[in-house]
Amino acid sequence: MVGAGRDDGLMGQEAHMELLAPAGGLEQLEAALAAGADAVYLGLTSLNARRGASNFSPDALSGAVAAAHGKNARVYLTLNIDISEREIGQAARALAIARDAGVDAVLVRDPALLLLRQHFPMLAFHLSTQGCASCSLDETMSKELGIARVVLASEMTLGEISAAAK
């Protein structure tokens, strides 16, 4: 997937193209890095929309981040599902694992995770495409909530993306 990205992950900055690739497991991570991906998105073994992928254990995440950073690629951890009441503690632990592993940003879907952001100031939070942002007001709202980047809804046309970006 090719998308508009930001050099520093902050909305409102000069945009550049970023080659962002899924890394559902170690084999896909290695392939994405070998192909020159600027960034990869990946999940832990739970709390992400790619539950069918092999994903990464908490112990393997640090190695994945080190491999990506060694190729000057960024790593975005997906926590891109609705979080249930019973999963809040697990989500907080996933954020701590991401922080400790050196993940560059976390892709979130559920706004409840934004309340945990204050405990992880070194992590950038991006609104996942599952957040269904589809207009400029979504980007404005996201910025006010402390989200560094919005991944627009995948169903949008180029014209709608252009209008939302303005």
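Modeller: The model is predicted. Searching the whole structure turns up one cavity of 30 Å³ or more. The volume of the largest cavity is about 40 Å³. Its lining consists of Ala23, Gly24, Tyr41, Leu42, Gly43, Asn48, Arg50, Asn55 and Thr78. Sorted by class, that lining has five polar, three nonpolar and one charged residues.

Two of the lining residues, Tyr41 and Leu42, belong to strand S3, which covers residues 39-42. Along S3, Ala39 and Tyr41 point one way, while Val40 and Leu42 point the other way. All four of these residues are buried. S3 pairs with strand S4, residues 74-79, in the parallel sense, and the pairing runs over four bridges. Within S4, leucine 77 is the bridge partner of leucine 42. Between the two strands the chain passes through helix H2, residues 58-70, and this β-α-β crossover from S3 to S4 is right-handed.

S4 also holds threonine 78, another residue of the cavity lining. Threonine 78 has a relative accessible area of 4%, which is under the 20% limit, so the residue counts as buried. Setting aside neighbours within four places in sequence, the contacts of threonine 78 are Tyr41, Leu42, Gly43, Leu47, Asn48 and Leu107. Among these contacts, Tyr41, Leu42, Gly43 and Asn48 also line the largest cavity.

Leucine 47, one of the contacts of threonine 78, sits in the loop between S3 and H2. Leucine 47 is buried, with a relative accessible area of 2%. Its phi is positive, about 65 degrees, although leucine 47 is not a glycine.

From leucine 47 the contacts lead on to isoleucine 83, which is found in the loop between S4 and helix H3, residues 88-101. Isoleucine 83 is buried as well, at a relative accessible area of 13%. Not counting residues up to four places away in sequence, isoleucine 83 touches Leu47, Ile88, Ala91, Asp110 and Leu113.

Notes:
Residues are numbered from 1 along each chain as its sequence is written. This is a predicted model: local features need pLDDT of at least 70, side-chain atom pairs count only at pLDDT 80 or more; totals for chains, interfaces and linings use all residues. Side-chain values use heavy atoms; hydrogens and water are left out. Buried means under 20% relative accessible area, exposed over 50%, partly exposed in between (1.4 Å probe, protein chains only). Two strands pair if DSSP finds at least two bridges between them. A crossover is right-handed if, with the strands pointing away from the viewer, the path from the first strand over the helix to the second runs clockwise. On a 1 Å grid over the protein atoms alone, a cavity is a set of points where a 1.4 Å probe fits but cannot get out, and a pocket is an open set with protein on both sides within 12 Å along at least five of seven lines; lining residues have an atom within 4 Å of a point. Grid points are joined across faces, edges and corners, and a volume is the space filled by probe spheres set on the points. Ala, Val, Leu, Ile, Met, Phe, Trp, Tyr, Cys and Pro count as nonpolar, Asp, Glu, Lys and Arg as charged, and the others, Gly among them, as polar. Contact means heavy atoms within 4.5 Å.
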